[in-house]
Amino acid sequence: MTAVDVQNVRKIYKRDSQDIVVLDGLSLQVPQGEFVALMGPSGSGKTTLLNLIAGIDRPTSGKVVVAGTDLGTLSEGQLAKWRSRSVGFIFQFYNLIPVLTALENVELPLLLTRLSRKERRERALTALRVVGLADRGKHYPRQLSGGQEQRVAIARAIVADPAVLVADEPTGDLDARSAEEILNLMQTLNSEFKKTIVMVTHDPRAASRAHVERHLEKGVLAASVERHEAVPAGVAP
Amino acid sequence: MKYLPYIVKHLRKTWLRTLSTVLAMALCIFLISALQTLLQAFYGGLDTASTERLVTRNRVSLVFPLPVAYESRLAALPGVKRVAKSNWFQGVRGSDGDMRDFFPNFAVEAEPYLAMYPEFGLTEDEKQRFFQDMRGCIIGPDLAEKYGWKVGSTIQLESTIPPYRIGRPFEFIVSAVYRVDEQKYPNHSKQLMLFHWKYLHEATQQNAAVGTYVVQIANPDQAAAVAKTIDRAFENSDAETKTETEGQFVKGFIEMIGDLALILNSIGLAVAFTILAVSANTMGMSIRERRREIAVLKTLGFSSALVLALVLGEALVIGLVGGGLGIGLASLVLANAADMPGLNGFGISLNLMPSMMAAMLGLSGLIGLVAGMAPAVSAYRSSITTMLRQV
């Protein structure tokens, strides 16, 4: 079954009077449970593609179907609701809310559900446990290291149990050791929790953890590297 | 309600900015509450002014008196039921004329006056005691409480109006403390003192003429016609009259200061607009600083409408907390303001009524919402990718 189906998508931005083609008739299929790394130089359209898959941007033309939903058919309100249930977004700079504790940050997406406060807290704690930070629930982002912040951000991304996780350079702001921990965690989410992951990265070491590497050049998919098994932790490509 | 902790945490994060905005709002609501209460106190008498009482004064000015002889002529006019003399005495305690201790006091023709003013709650015995003592006076309950006066107490007052100055203070004996039925007469002053006009007249060697005549009419529907009849009766005399309903007279008296309503409302409006601008700027600053956070919320699935509601919620909390503080401050200050120099002469009660409190709380919420509207709409409209790119 296909988790992400991008069909002949074009994305054109207008800058002053100029049309800038970022994605040019791109198609991409990601089967359910797959871990895909999107690579390519700056300006190749990786983040734009990720944004389309996450439903935070819309294509100029073409179709994006994620977790069985054609995102083009949804209104803004429906799309917001869909995002809250079906996709988890992991940012490069974590983007935790500074005034909230780790637990409250993780709980945030659950505010949009009908869960009781107690249920929300339990689920948020479970998500923190998955990322190994159950004991840091009361800590504020400023009291955490970069790696820990990103783990909290991952807990926030998975707390609503979405089918698809999208990550935009999740290790881009981390030291090597923390990056390793985050990649291990993402591999675990993929292998044990069966999450489909689409990750944008510049880092070949990070990309080697994915089942498939797709390369973008000027808005089109250029090359693909497939592996049956992702490279285990600590083994350089 | 589940979003309230989120809102409060944001406000606490920038506590200095929040506090200054809340205080600005509190000051705004305090000022508007105080001004409106003052206005209500001054003009409140108009609502309860009797429609069957007219006031006749000198056409030129309230400063000039009317002849004593007018009373019998007034009483004989058609439609007139009762007439009573009334003079503003402006007496103060002590001989130095210190107005800080002032309260309103009138020399009145006691029997007809009290007959047409049921607002002064007195038993028949109390009235008789007052009528029979030439130096007697009746005082309001607030005066009794403030100065510890009771029936039999002696009061010495010296007028600041030249014809009423006799080289020594007037001495009065308290005959009774009147009561006010607050249900029927909510705006009636509890700080008045009434004494006998005859006492004033005789003590001044008959120099004191009549300040105003209060005229009770038989049919309130005929007020305008009777007023015209009275004024026509004294046309081309040395002291022409101007007769108006009690409400019109009170309004005219207040407006001797100027158009109080216009002045006070203009001040209130200016203050409200300034605070609105300050709050809007603060809210705008707060939202601009949090564009990335708003983008994150929207990415997590918060709808644009919910983000708008959260921003407005913050503005509303600031408005309501500031408003609450302002109302509290106004209640505290107004409770003691009626005795302040400059206000004590009007005999008004400055109490912040529950309806005023509710209106002020509503106004503070409204100012908060309007101030938050522009940043909220900006947060509502902004696209996630634009906000993430900008920061």
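What percentage of the 391 residues in chain B is made up of buried residues? The share is 40%, where buried stands for 20 or more other C-beta atoms within 10 Å of a residue's own, exposed for 12 or fewer and partly exposed for anything in between, with C-beta atoms placed from the backbone. Before we go further, a word on conventions: this is a predicted model, in which local features need pLDDT of at least 70 and side-chain atom pairs count only at pLDDT 80 or more, while totals for chains, interfaces and linings use all residues. Residues are numbered from 1 along each chain as its sequence is written, and chains are lettered from A and ligands numbered from 1 in the order in which they are written.

Let's start with chain A. Its secondary structure consists of seven helices and 10 strands; these are DSSP runs numbered from the N terminus, H or I with at least four residues for helices and E with at least two for strands. The C-alpha trace of chain A spans about 50 × 45 × 40 Å along its principal axes. A compact globule of 237 residues would have a radius of gyration near 18 Å, and the 17 Å of chain A agrees with that. The radius is taken over C-alpha atoms, and the globule rule is 2.2 Å times the number of residues to the power 0.38. Of the 237 residues in chain A, 49% are buried. Two residues are in contact here if their C-beta atoms, placed from the backbone, lie within 7 Å. Of the contacts in chain A between residues at least 6 apart in sequence, 68% join residues at least 24 apart.

Two loop residues of chain A deserve a look at their backbone angles. Most residues other than glycine have a negative phi. A:Asn95, however, has a positive phi near 55 degrees. You will find A:Asn95 in the loop between strand 6 (87-90) and helix 3 (102-107) of chain A, and it counts as buried because it has 24 C-beta neighbours inside 10 Å. A:Glu169 is not a glycine either, and its phi is positive at about 50 degrees. The place of A:Glu169 is the loop between strand 7 (164-168) and helix 6 (176-191) of chain A. With 20 other C-beta atoms within 10 Å, A:Glu169 is buried.

Now for chain B, which has 14 helices and 10 strands. Its C-alpha trace spans about 90 × 45 × 35 Å along the principal axes. For 391 residues a compact globule would have a radius of gyration near 21 Å, but chain B has 29 Å. Chain B is divided into domain 1 (4-45 + 259-390) and domain 2 (65-238), with bounds that come from an automatic or database domain assignment. The centres of these two domains, taken over C-alpha atoms, are separated by 46 Å. Among contacts in chain B with a separation of 6 or more, 81% are between residues 24 or more positions apart.

A helix pair comes next. In chain B, the axes of helix 1 (residues 4-13) and helix 12 (residues 304-337) come within 10 Å and cross at roughly 65 degrees. Axes are lines fitted to C-alpha atoms, for helices over the stretch in contact, and angles run from 0 to 180 degrees between N-to-C directions. From helix 1 of chain B, B:Ile7, B:His10 and B:Leu11 meet residues of helix 12 of chain B, including B:Leu310, B:Val317 and B:Ile318.

Elsewhere in chain B, B:Phe172 sits in strand 7 (residues 170-177) and counts as buried because it has 25 C-beta neighbours inside 10 Å. Beyond its neighbours within four places in sequence, B:Phe172 is in contact with B:Arg135, B:Cys137, B:Ile155, B:Leu157 and B:Phe195. By contrast, 71 Å separate the C-alpha atoms of B:Phe172 and B:Ala305, which are 133 residues apart along the chain. B:Ser153 lies in the loop between helix 6 (141-147) and strand 6 (154-159) of chain B, and its 15 C-beta neighbours inside 10 Å make it partly exposed.

Finally, the two chains meet in a contact that takes 18 residues from chain A and 17 residues from chain B. On the side of chain A that touches chain B, helix 2 (residues 76-86) of chain A gives the most, with six residues.
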